Amino acid sequence: MAHPKFQELLNKESKISVIGLGYVGLPIALELARHFQVVGFDIKEERVAQMQRHEDPSKELEAADFADCDIQFTSKPDDLRAATFHVVAVPTPINRHNLPDLHPLLSASKTVGKILKKGDCVVFESTVYPGCTEDDCVPILEAESGLKFNVDFKVGYSPERINPGDKEHTLTKILKIVSGSDAEALELISEVYGAIIKAGIHKASSIKVAEAAKIIENTQRDVNIALMNELSLIFNRLDINTYEVLEAAGTKWNFLKFFPGLVGGHCIGVDPYYLTYKASELGIHSRIITGGRVINDGMAPYIANEVVKRLISAGHPINGSRVLIMGATFKENVSDIRNSKVADLVHELQSFSVQVEVVDPHASSDELQEEYGYGLVEAPRGRYQAVVVAVNHGDYVGLPESYFTGLLAEKGLFVDVKGIYRNAGFSLNYWSL
């Protein structure tokens with residue numbers, strides 16, 4: 001038998017609110033709005049106006065994805081009062097010291113706390129360290145509402161697993177981890193998410209278990225990629241191509257297929273720092289996780305140094321050399337520039353007095369200028385001493401050798417960070433990780 005509050009939501013006698021309408025919150029809000037009445041809340045009025053026009057500010061969704069959705073987009077906190085089930089999906093970034101920045105999450109908790117009513121349920125989706133929901137967010141909900149946790153209101157945690165740019169593993173096709181502050185909360189949360197997630201629900205035994213499960217998903221990937229990057233440093237000294245080594249090793253059935261590269265974005269490049277922060281609070285120094293972060297954060301300077309050394313070897317004067325970087329986003333085929341390590345590559349090359357120009361068919365020049373202090377050029381201009389394919393956008397895959405020879409000066413260097421042209425048979429001065 002369905003939970004009474006779930007039945008109320010299904011009958012549209014009460015509403016669901018989604019706080020934070022970014023690349024995580026908006027898809028959840030729209031999917032829920034196909035089954036329930038939803039209030040979608042974001043603090044940025046211009047973003048709300050875009051969504052009211054059926055435009056996704058993250059450029060992941062089409063106008064058609066807004067069709068047949070019972071949703072009200074708003075930037076007014078009072079509109080949240082109509083909801084009894086609240087989903088918090090705000091970002092959890094790190095600061096410049098690589099420490100967790102909980103300001104958006106705690107601010108959202110305060111907003112929800114002000115409108116919280118008896119019988120309400122609050123579910124957090126933001127990636128956090130184990131214990132954050134109950135130790136940091138719940139006290140704010142209690143303080144702002146004057147209500148008592150697990151008596152007057154319930155809480156849950158259900159980590160997001162959205163992969164930007166992935167058209168195959170979309171929201172409804174990814175199994176959902178859910179947890180609740182008690183059995184009743186777990187039942188309600190399971191039924192609400194069960195209404196939209198086709199892949200199924202995994203009920204975690206506690207909120208902390210669910211928080212920990214999410215944080216180690218990306219930490220595991222980060223550590224494995226760090227191993228590949230470290231191998232790349234070794235193999236470069238041995239003058240063998242890392243991708244060819246991995247291709248050979250990958251013929252064994254149980255070899256894990258990870259690859260070297262720039263590790264940025266708002267998940268893999270961020271989440272491990274939340275876990276190491278909590279570990280340090282417990283008196284544990286995370287050697288493997290921290291070591292992986294050091295390696296991955298050092299790859300952009302490493303690539304820049306290799307470019308400079310190879311330009312010198314080819315006889316090019318570094319001061320004033322022109323380098324074209326193709327790709328500025330944190331991964332392929334997305335517009336998202338948050339924590340993109342390409343920015344580190346640009347700044348490192350500029351520190352050598354190299355003239356750097358950047359092109360990207362997906363990124364916003366204005367956003368790059370605001371975030372990192374450089375913009376895009378509309379198209380390559382003239383000849384470059386080096387061309388660096390930094391992001392393997394679909395637009396850059398399969399280009400003929402003539403395209404790059406048309407960009408490169410004599411004895412120019414072609415850098416293929418992700419190795420997408422390693423088997424192309426180009427006669428260029430070629431280097432990849």
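A: Happy to. The residue that follows H3 is His 54, and its phi is positive, near 65°. Before going further, please keep in mind that this is a predicted model, in which local features need pLDDT of at least 70 and side-chain atom pairs count only at pLDDT 80 or more, while totals for chains, interfaces and linings use all residues. Residues are numbered from 1 along each chain as its sequence is written, and side-chain values use heavy atoms, with hydrogens and water left out.

Helix H3 covers residues 45–52; helices here are DSSP runs of H or I with at least four residues, strands are runs of E with at least two, and both are numbered from the N terminus. Its buried residues are Arg 47, Val 48 and Met 51. They sit on the same side of H3, because they cover an arc of only 100° around the axis, taken from the directions from the helix axis to the C-beta atoms. Glu 45 and Glu 46 are exposed, on the face of H3 turned away from that buried side. (Buried means under 20% relative accessible area, exposed over 50%, and partly exposed in between, with a 1.4 Å probe and protein chains only.) The cover over the buried residues includes helix H2 (25–32) and strand E3 (71–74).

Now for the side-chain pairings. The whole structure holds 22 salt bridges, each a side-chain nitrogen of Lys or Arg within 4 Å of a carboxyl oxygen of Asp or Glu. One of them joins Arg 34 and Glu 31, at 3.7 Å from N to O; Arg 34 is partly exposed, with a relative accessible area of 35%. Another links Asp 78 with Arg 81 at 3.3 Å. Asp 78 is exposed at 52% relative accessibility, and Arg 81 is partly exposed at 43%.

Further along, Glu 281 and Lys 278 pair up with their closest N and O atoms 3.2 Å apart. Both belong to helix H9 (residues 271–281), three residues apart, or about one turn of the helix. Glu 281 is partly exposed at 47%, whereas Lys 278 is buried at 17%. There is also a network of salt bridges linking Asp 222, Arg 293, Asp 297, Lys 341 and Asp 344.

Terms used
Contact means heavy atoms within 4.5 Å.
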